[in-house]
Amino acid sequence: MHTLPAGEFACAVNVDIDVTSWFMLAFGGEANVYTIGQLAKLAGVTTRTLRYYDQIGLLKPAEISEAGYRLYGREQVDTLQQILFYRELGVGPEEIIRIISAPSFDRQLALEGHLKALIKRREALDALISTVSKTLEAHKGGLTMTDEEKFEGFKKKLVEENEEKYGAEARGLYGDDVVDESNAKLMGMTPAEFARMQTLSAEVNEALKTAVQTGNPAGEEARRLCELHKQWLMCAWPHYSSAAHRGLAQMYVDDERFSAYYDSIAPGAAVFLRDALLHFLPDA
C-alpha cells in the first residue's frame with residue numbers, strides 16, 4: 001500500500017479552510033486540490049520534476065498552504081498535461097514557457113497540433129515497422145524487396161523527426177513550399193543518395209570536431225568543414241543559396257536545440273560552425 005510522507009498526508013487531509021474555499025469558488029464547488037506528491041503520481045512524473053518546473057516558472061502551484069506545501073488545482077493539471085505533450089515532442093522547458101505564456105496561446109489549437117504531430121509520428125513508426133516486416137519476409141524468401149523499399153521507413157522517420165524538432169522554425173524561415181520540396185526530395189532519394197547523405201553527415205561531424213580543436217574558424221580545417229556542410233545541405237535542399245545557408249548558421253547559435261546538438265560534438269562547436277560559415281560563405 002502506497003503511503004504518503006507524513007507532511008504530505010497531513011496537507012492532503014487537512015487543507016487550510018481558506019485555501020479550500022478558494023478552490024471551491026474557482027472550480028464551481030469542486031475542491032480539486034492536489035499536493036505535489038499526488039500530482040506527481042497522477043501525471044507519472046517525479047516530485048523533483050514538479051519542483052524544478054516551479055523553480056523555472058514553468059508550472060507554479062495555485063497556492064502554498066500555511067504549512068508551506070504546494071497545492072495544485074484543475075488549471076495546473078491542464079497546464080501540466082500541455083507541458084508533457086510538448087516534452088514528448090522534444091520541446092525544451094524554456095521553449096515551452098515561451099509557447100504557453102504567449103498571449104496568443106490557444107489550448108484547443110495546441111491540442112489539435114499535438115494530435116497532428118502524434119499522428120505523423122505514428123505514421124513514421126508504422127512505415128518503419130512495415131520496412132522491418134518486409135525485410136523479415138524477404139529473408140524468409142516470402143517476397144522480394146526493391147532497394148528503394150529497404151530505406152523507405154528510415155527516410156520517412158527522418159522527415160518526421162526533422163518536422164517535429166525544427167519544422168516550425170524552418171517553415172517560418174524558408175516557407176512551406178521550400179520545406180515541402182526538401183521533404184519530397186529526401187523521400188525520393190535513391191539508396192545511394194540516401195547513403196551518401198548519411199555519410200556526409202558523419203563526415204561533417206568529424207570535420208567539426210577537428211576544426212574546433214584548431215580554434216581558427218578562418219583556417220583550412222574550417223574551410224573544409226564549410227564545404228562538407230554545403231555538400232550535406234545540398235543533398236536535401238531543393239535550391240541552395242548562400243544567404244539561406246548563412247541564415248541557418250545563425251540559427252545554430254540562436255536555437256538552443258541546434259546549439260545543444262553541435263556542442264555535444266565538441267564544446268563551443270555551434271559558435272565555431274556559425275563563425276566559419278559566415279566567414280567562408282559569400283554574402284549573396
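Let's start with one contact. K60 and D54 join their side chains in a salt bridge, with N to O at 3.1 Å. Keep in mind that this is a predicted model.

How exposed are the two partners? K60 is partly exposed, at a relative accessible area of 47%. D54 is buried, at 10% relative accessibility. The cut-off for buried is under 20%, so D54 qualifies.

A network of salt bridges links D54, K60 and R70. Across the structure there are 8 salt bridges. As background, side chains of opposite charge can pair when their charged atoms come close.

R70 takes us to the sheet. R70 lies in β3 and is the bridge partner of I64. Strand β3 covers residues 70–72, and pairs with β2 in the antiparallel sense over 2 bridges. So what is the strand order of the open sheet? The order is β1-β3-β2, 3 strands with antiparallel pairing. The edge strands are β1, residues 34–35, and β2, residues 63–64. Each of these edge strands pairs on one side only. In general, strands of a sheet pair through backbone hydrogen bonds, either parallel or antiparallel.

First, R98 with E95, N to O at 2.4 Å. Both residues sit in helix α6, which runs over residues 93–101. They are 3 residues apart, so about one helical turn separates them. E95 is partly exposed, at 21% relative accessibility.

Next, R257 with D255. Their closest N and O atoms are 2.8 Å apart. Is D255 buried or exposed? D255 is buried, with a relative accessible area of 11%.

Now the helices. Two packed helices are described by the angle between their axes and the distance between the axes. Our pair is α11, residues 220–236, and α14, residues 269–280. The angle is about 85 degrees, and the axes are 9 Å apart. Roughly perpendicular covers 65 to 115 degrees, so α11 is roughly perpendicular to α14.

Which residues of α11 and α14 meet? From α11: A222, R223, L225, C226 and H229. From α14: F272, L273, A276, L277 and F280. By class, this contact has 8 nonpolar, 1 polar and 1 charged residues.

To recap. D54, K60 and R70 form a linked salt-bridge network. R70 also has I64 as its bridge partner. And α11 packs against α14 at about 85 degrees. That's it from me.

Technical notes
Residues numbered from 1 in each chain as written. Predicted model: local features only at pLDDT ≥ 70, side-chain atom pairs only at ≥ 80, totals over all residues. Heavy atoms only, no water. Pairing = 2+ DSSP bridges. Helix = DSSP H or I, 4+ residues; strand = E, 2+ residues; numbered from the N terminus. Salt bridge = Lys/Arg side-chain N within 4 Å of Asp/Glu carboxyl O. Buried < 20%, exposed > 50% of the residue type's maximum accessible area, 1.4 Å probe, protein only. Axes fitted to C-alpha atoms, helices over the stretch in contact; angles between N-to-C directions. Parallel < 35°, antiparallel > 145°, perpendicular 65-115°, else oblique. Contact = heavy atoms within 4.5 Å. Nonpolar A, V, L, I, M, F, W, Y, C, P; charged D, E, K, R; others polar.
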